[in-house]
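Here is a set of questions and answers for someone new to this structure. Please look at the sequence and the 3D view before reading on.

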Amino acid sequence: MMRHRLLALSALPLLALAACNPGPPPAPPLPPLSKAAPLDTADASFVQTLNEADLVDIALGNLAATHAGRNDVRALAATVVKDHTDDRTALGKLVSPHDITLTASPMREDQEMIDRLGKLYGTRFDSAFLTHIKSGHVSLDRSLVQEIATTKDDDLKSLAGSAQKMIAGHVATAEAIAPTRRTVRHRHR
C-alpha cells in the first residue's frame, strides 16, 4: 500500500504540469492574400474608357436637374445618373484587386464639354443632352462590343455586357423623347 501511495504522490506533479499545458501551439499566421493578376493593357484601357463615360454622364445628368426644360429629360437624366453611378461602383469593386484606382474627375476635354452644356438652359440644354446620349454613346458601344469579344476576364466581360444593355436603354429613351424635326419641302413654281 505504501508503494501505491508513493506512486500516486510521484504522479501528482506530472498531473499538475499536464493541467497547465495550454494545448498545441497556435497556428502560424496565414500568408497575405495574393493580389489579382494585373489587367492586360486593352482591359486597363477599357476600364478607363468606361470610367470616363460614367463620370461624364453622371455630371451631365446632375446638370439636367437644374438645367433641363422638360420633365421627361429630367427623368431620363435621373436614370442616367443612377445607372452610371451603379456601374462605376461595380467597376471600382472589380478593378480594386488589380491595384487600379479609378479617376474621380473627367478629363479636360470632357470637362470643357460639361462646362459648355452647363451654360445652356431649357430647350437648348434638352437638345444638347439628348444629342449627347444618342450620339455620344456610339463610340462607347464600340468599346463595349470590342471588350466583350476580346477580354479573357469573365467579370469584366459581364460588366461590359451589363453596361451595353444600360447604354442601349438610355439611347432608346433619348430617341423616344427627342423632338422630331419636320422636313419642309418647298414647291418650285
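The questions below concern a predicted model, and they go from helix packing to cores, a histidine and salt bridges.

Q: At what angle do helix H3 and helix H6 pack, and is H3 roughly parallel or antiparallel to H6?
A: Helix H3 covers residues 71-95 and helix H6 covers residues 154-177, and their axes lie 11 Å apart. The two pack at an angle of about 175°. Angles over 145 degrees count as roughly antiparallel, so H3 is, relative to H6, roughly antiparallel.

Q: How do the residues of the contact of H3 with H6 divide into nonpolar, polar and charged?
A: On the H3 side the contact includes Val 73, Leu 76, Asp 83 and His 84. On the H6 side it includes Leu 159, Met 166, Ile 167 and Thr 173. The residues of this contact divide into 13 nonpolar, four polar and four charged.

Q: Is Leu 159 buried or exposed?
A: Leu 159 is placed in helix H6. Not counting residues up to four places away in sequence, Leu 159 touches Leu 50, Asp 87, Ala 90, Leu 91 and Leu 94. Its relative accessibility is 10%, and buried means under 20%, so Leu 159 counts as buried.

Q: How many residues does the largest nonpolar core have?
A: Helices H2 (41-67), H3, H4 (108-117), H5 (122-150) and H6 are the elements that give two or more residues to this core. Among the residues with the most contacts inside the core are Leu 60, Leu 76 and Phe 129. Leu 76 also touches Phe 129 and Leu 130, among others. The size of the largest nonpolar core is 20 residues.

Q: How many residues are in the second, separate core?
A: This core includes Phe 46, Val 95, Leu 159 and Met 166. Leu 159 and Met 166 are also among the H6 residues that meet H3. The second core has 19 residues.

Q: What is the relative accessibility of His 84?
A: His 84 is in helix H3. Leaving out residues up to four places away in sequence, His 84 touches Ala 53, Asp 54, Asp 57, Ile 58, His 137, Met 166, Ile 167 and His 170. His 84 counts as buried, because its relative accessibility is 0%.

Q: Which residue forms a salt bridge with Asp 72?
A: Side chains of opposite charge can pair when their charged atoms come close. Asp 72 is partly exposed, with a relative accessible area of 30%. In its salt bridge the distance from N to O is 2.6 Å, and the partner is Arg 70.

Q: Which residues do salt bridges that share partners join into one network?
A: A search of the whole structure finds four salt bridges. In one of them the side chains of Arg 108 and Glu 109 meet at 3.6 Å, N to O. Arg 108 is exposed at 56% relative accessible area, whereas Glu 109 is partly exposed at 45%. The network joins Arg 108, Glu 109 and Glu 112.

Conventions:
Residues numbered from 1 in each chain as written. Predicted model: local features only at pLDDT ≥ 70, side-chain atom pairs only at ≥ 80, totals over all residues. Heavy atoms only, no water. Axes fitted to C-alpha atoms, helices over the stretch in contact; angles between N-to-C directions. Helix = DSSP H or I, 4+ residues; strand = E, 2+ residues; numbered from the N terminus. Parallel < 35°, antiparallel > 145°, perpendicular 65-115°, else oblique. Contact = heavy atoms within 4.5 Å. Nonpolar A, V, L, I, M, F, W, Y, C, P; charged D, E, K, R; others polar. Buried < 20%, exposed > 50% of the residue type's maximum accessible area, 1.4 Å probe, protein only. Core = buried A, V, L, I, M, F, W, Y, C linked by side-chain atoms within 4.5 Å.
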